[in-house]
Structures are given as structure tokens and as C-alpha cells.
Amino acid sequence: DLVSVLYWVGGGQNSMRVTVCSNAFKECLSASDACAAMSEGIPDGVDVQTCPLADGGDSSLEVLVEAGQGKQITTKARDPLGRIIQTTYGMVGKTAIIEMARVSGLCLLSESEKNPNNTSTCGTGDLIRHAVTVQKATSVILCIGGSATNDCGCGMAEALGYQFLDSHGHEIPSPITGSHMGQIRQIRKPRDPIFEGVSVTVACDVTNPLLGPKGATAVFGGQKGIKSQRQREHLESGMRNVSKLLSEMFPQVEIDVAGGGAAGGLGYGALTFLSANFKRGFDICAEAVDLSSAISKSDLVITGEGHIDHQTASGKVPSGVASLCLKHSKPLVIIAGGISNYPLIKKSPILGSASIFSLVNKPMSLTEAMKPQNAKSLLSECVANIFNIYMSGRQHSAKL
């Protein structure tokens, strides 16, 4: 497929324009580093535009701040266990960019500390409060992904002034965690709602509902530290209790809304507590870098991320890029650290027309491949080899 694609690209043209728009390679390279490494493999004389991308997960903060020529704000907030840590969020004009994983994420916990009974989104609320009160943000983009929590956003809400009372009318002590969900009998709105008039957009590509077999606890609880069916049932029961109270307070939000189960129920919590709206994380980032325009002017598009499989078509960066390439009839190359279920990928109406490569060029361990310097070299070499094919196609076309 690639030979024919690059043969077409090279047919008789005097110059070439390439858009490099990679996602981060998780736990290895940021989106910017991946784009830079890919660009190094492109020959001189080619017009290259780099557009680092994200889907609301890793690197979203950097991508959006860089695209908007904003700044990163350093402050202190509570981590998933309520410990004070130093962390960052972004400001682009009066819009705050908050990656909840930086303060409420699994990446902040050791393996033994992972337990959704004990974790809270309180730090996410701390960052929203700081952005609104100190930086005077009038809008917030909340990137939810990689959470360590299963508290339906109650920890966040408590940090923003909501009160949670038990059966005796006593306020449940801060921070609100997953284990508190079943104890809550009343929720009071803030006396002084600091976020009133602030618009909140949740960058969310997860479509799971809050409850049930496809919900937050059932699907994502295991990776957050749930160890037993009893614990799973306890957390699900608590989530159901809170959702009942919230549905009475905010009847306009359906309990089974798609995406409500994202980030341990923070999706549903943001829709209710913050009157937020959902938008695909990829769309937010793609609009920020004006990706559609860049692709429309390109002869070839190169994207990538750490792993490609049949689920990549569900809202991930490569599928978003592929959709735009189909819209503008542009050829696409996808480079991944690993590829699974290739036959299913090629049957995808979105990804099937792309040429897909693994950056690994010889037998090596995952640890070796994920060393940043190795990954950069492998990406550059892979792109260089792709362009060797392109140049062969171009020379061949010139002889015809």
C-alpha cells in the first residue's frame, strides 16, 4: 500500500509538504518529542509542519498550552491520598487547562497504594479553585484520564465548596473518597459557588456509563486497585447512592449518560457539580493546532502512538488523524511501538487505508524499546526508510 501511496505522492511534483502529528508514546516520549524524532528522518528540502497531538490524556496540557502560546502554572494541591504535592496546570488566555492525572492520577501512587476506597479527586478541585480564584479563569478544559479514583467527582466537589452529610447530619471529613460514597445522605450546594459563570468542558473519549457492567467500577476498577468482588460491589453500591442524590439535584443530567463513568465517575460528577459539557479530547487538541487545515495542504501525513490495535479506531489520535485524511483524500502513515490485531485494523473503515509500521527494527525487549533515546532513534530511522521508498517511487515515476 505504501509504495503505491508514495508513488502517487511523488509523481512529478517538485516539492513535498508533510504534516507530522504524533500522539505521545506513553511513558516514553511526549508528543513534541515524538514529532521531533519523526521529523529528523525526513530528508532536507521537504516542507515539514509538526502538530503535536493528544486525546485528552497524556501530553494534553503541553499540546494545548504550546498551541495557544500559554503558560504553565505551578501550585500545590492534594494528591489522590490527600498528600500535598507540587503540580502544574496551564493557562491560555482566561482558559485553564487541567490534566486531572497530574494530581489525581494512578501515576502518583505506588502499586501498594492503589485502592479506590482511599483515593479522592480532591486535588482536581484544588486546581480548579486555584485557576478560578487566583488566575481568574473564566473557562476550564478538564482533561480526564488515568485517574486513581472512583469517587464520582465528590472529592473535587468538596474542594469547591459542596458539603456532604451522613445519616446524622454530620459533615463527612475531607477528603471525600470512594469509601465514603455509601455514607452520603445529603449533598448541599456551595454557599459561595466560586465557579458560577465559569464554563467547563470535559475532554473525554470514554463512552462508558457511570453504573452497571460497562460502568466505572466494573470496567476500570481493577486497574485502580480493586482486589475483590466484595470491594467492587461496595464501591458500585456507593456510586449508585451518590448518583441517586445527584439525579434529584440535577435532573437534567441522565445517570446513564455516555462518558459518565470516565475517570471513576468524574465524568458524571463534572456534568452535575460543574454543569460541564463533553467534547472529544482529540477534537479539542486538533482544533487548537488547526490540524484539518494543515492536513488539507499536505502531500503526506505521519502520525503515531505507543500501541495500535483494533480499539484505536475508538477516539484515539491515529483514528482522528485518519478521519481527517479521509476527508481531505490524503495518504497517511501510522508508526507505533507495537501493533496488535492487524487484520482487524485493516478492516476498519477509518484505519484500513493507512500504512502502518512498527518502529521496532529488530528483536528487543519492551524495556529497551521504551528507553527515550532508543525510541527517538527508532522513530527517525523508520521515517527515513519510509522516505527511501518515496524517493524510489519518485525516481521511477520520473522515468515513465
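What is the relative accessibility of arginine 83, and how does arginine 83 count on that basis?

Reply: Arginine 83 comes out at 35% relative accessibility, so it counts as partly exposed. The cut-offs are under 20% relative accessible area for buried and over 50% for exposed, with partly exposed in between (1.4 Å probe, protein chains only). Before going on, the ground rules: this is a predicted model, local features need pLDDT of at least 70, side-chain atom pairs count only at pLDDT 80 or more, and totals for chains, interfaces and linings use all residues. Residues are numbered from 1 along each chain as its sequence is written, and side-chain values use heavy atoms, with hydrogens and water left out.

The side chain of arginine 83 forms a salt bridge with that of aspartate 79, at 2.7 Å from N to O. (Salt bridge here: a Lys or Arg side-chain nitrogen within 4 Å of an Asp or Glu carboxyl oxygen.) The aspartate end sits in another setting: aspartate 79 has a relative accessible area of 3%, so it is buried.

That pair is one of several. The whole structure holds eleven salt bridges. Another joins glutamate 99 to arginine 102 at 3.4 Å, N to O. Glutamate 236 is buried at 15%, and arginine 240 is partly exposed at 45%. (Helices, H or I with at least four residues, and strands, E with at least two, are DSSP runs numbered from the N terminus.)

H8 gives us a way into the helix packing. In general, two packed helices are described by the angle between their axes and the distance between the axes. The axes of H8 and helix H9 (residues 262–273) come within 11 Å and cross at roughly 15°. H8 and H9 are therefore roughly parallel. (Angles under 35 degrees count as roughly parallel, over 145 as roughly antiparallel, 65 to 115 as roughly perpendicular, and the rest as oblique; axes are lines fitted to C-alpha atoms, for helices over the stretch in contact, and angles run from 0 to 180 degrees between N-to-C directions.) On the H8 side, Met239, Ser243, Leu246 and Ser247 meet Gly264, Tyr268, Thr272 and Phe273 of H9.

Helix H3 (residues 60–67) and H10 make another pair, with axes within 9 Å that cross at roughly 25°. H3 and H10 are therefore roughly parallel as well. Val63, Leu64 and Ala67 of H3 meet Ile284, Cys285 and Ala288 of H10.

(Contact means heavy atoms within 4.5 Å.) The buried residues in H12 are Val317, Pro318, Ser319, Gly320, Val321, Ala322, Leu324 and Cys325. The twelve residues of H12 (317–328) should span 16 Å at 1.5 Å a residue, and the end C-alpha atoms are 17 Å apart, which agrees. (The expected span is 1.5 Å times one less than the number of residues.) Just past the helix, serine 329 has a positive phi of about 55°.

With 0% relative accessibility, proline 318 counts as buried. The residues proline 318 touches, leaving out those up to four places away in sequence, are Thr303, Glu305, Ile308, Thr312, Leu332, Ile334 and Leu351. Proline 318 and asparagine 23 are 295 residues apart in sequence, yet 7.9 Å apart in space, C-alpha to C-alpha.

Finally, helix H5 (residues 122–133): ten of its twelve residues are buried, so the rest of the structure largely encloses H5. Among the elements covering those buried residues are strand S3 (71–78), strand S4 (84–92), helix H4 (101–104) and helix H6 (154–159).
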